[in-house]
Amino acid sequence: MEIEALANIQPLVDSMSTNLTTFSAHGGKLIFYHGNSDPWFSPLDTFEYYKRMTAANGGPEAASKWSQFYFVPGMAHCGGGPSLDQFDLLGAMVNWVEKGTAPTSVIATGKAFPGRSRPLCPYPKHAQYKGQGDTQDAKNFECR
């Protein structure tokens with residue numbers, strides 16, 4: 001009986017499952033992020049899961065209504081590295097859940113580059129300099 005019970009809940013606890021229709025249908029929001037220079041886990045593995053997940057849930061446009069993915073240039077595992085590794089995705093998530101405002105970008109700073117800020121952009125967008133202003137200031141970049 002125990003094995004049968006486990007088999008029945010397996011789809012519900014499978015960490016590799018990409019079917020998140022129940023989660024999204026109940027208003028769930030999901031933000032992924034991964035440092036491009038993570039030496040322990042490849043950001044490509046997380047990105048591959050994200051691509052499979054979006055495909056299984058109506059495609060990138062449909063999934064973007066409740067899920068976003070952020071690459072963090074230069075960041076190692078959970079922080080550090082030659083990166084801007086200080087950012088507030090929790091605040092972005094709270095605004096998305098409580099106010100219905102999906103993040104269009106999240107400002108990042110870091111000890112590795114004092115005085116520099118950049119927007120982190122949800123995939124497939126990336127930060128692009130607008131062509132005017134201080135190149136160290138995030139306000140002079142946009143997500144394209």
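Rings of Phe, Tyr and Trp (its six-membered ring) are taken to pair if their centres lie within 6.5 Å, with planes under 30 degrees apart counted as stacked, over 60 as edge-to-face and the rest as tilted. By this rule the structure holds 11 aromatic pairs. The model is predicted, so local features need pLDDT of at least 70 and side-chain atom pairs count only at pLDDT 80 or more, whereas totals for chains, interfaces and linings use all residues. Residues are numbered from 1 along each chain as its sequence is written, and side-chain values use heavy atoms, with hydrogens and water left out.

**View A. Phe32 and Tyr49 form a tilted aromatic pair.** Their ring centres are 6.0 Å apart, with 50° between the planes. The pair links distant parts of the chain, 17 residues apart, since Phe32 belongs to strand β1 (residues 30-35) and Tyr49 to helix α3 (residues 43-56); helices (H or I, at least four residues) and strands (E, at least two) are DSSP runs, numbered from the N terminus. Phe32 is buried, at 14% relative accessible area, and Tyr49 is also buried, at 12% (buried means under 20%, exposed over 50%, partly exposed in between; 1.4 Å probe, protein chains only).

**View B. Tyr33 and Phe87 form an edge-to-face aromatic pair.** The centres lie 5.5 Å apart, with 80° between the planes. Because Tyr33 lies in strand β1 and Phe87 in the loop between β2 (67-72) and α5 (89-99), the pair ties together parts that are 54 residues apart in sequence. Tyr33 is partly exposed, at 39% relative accessibility.

**View C. Seven residues are shown as one aromatic cluster.** The members are Phe32, Phe47, Tyr49, Tyr50, Phe69, Phe71 and Tyr123.
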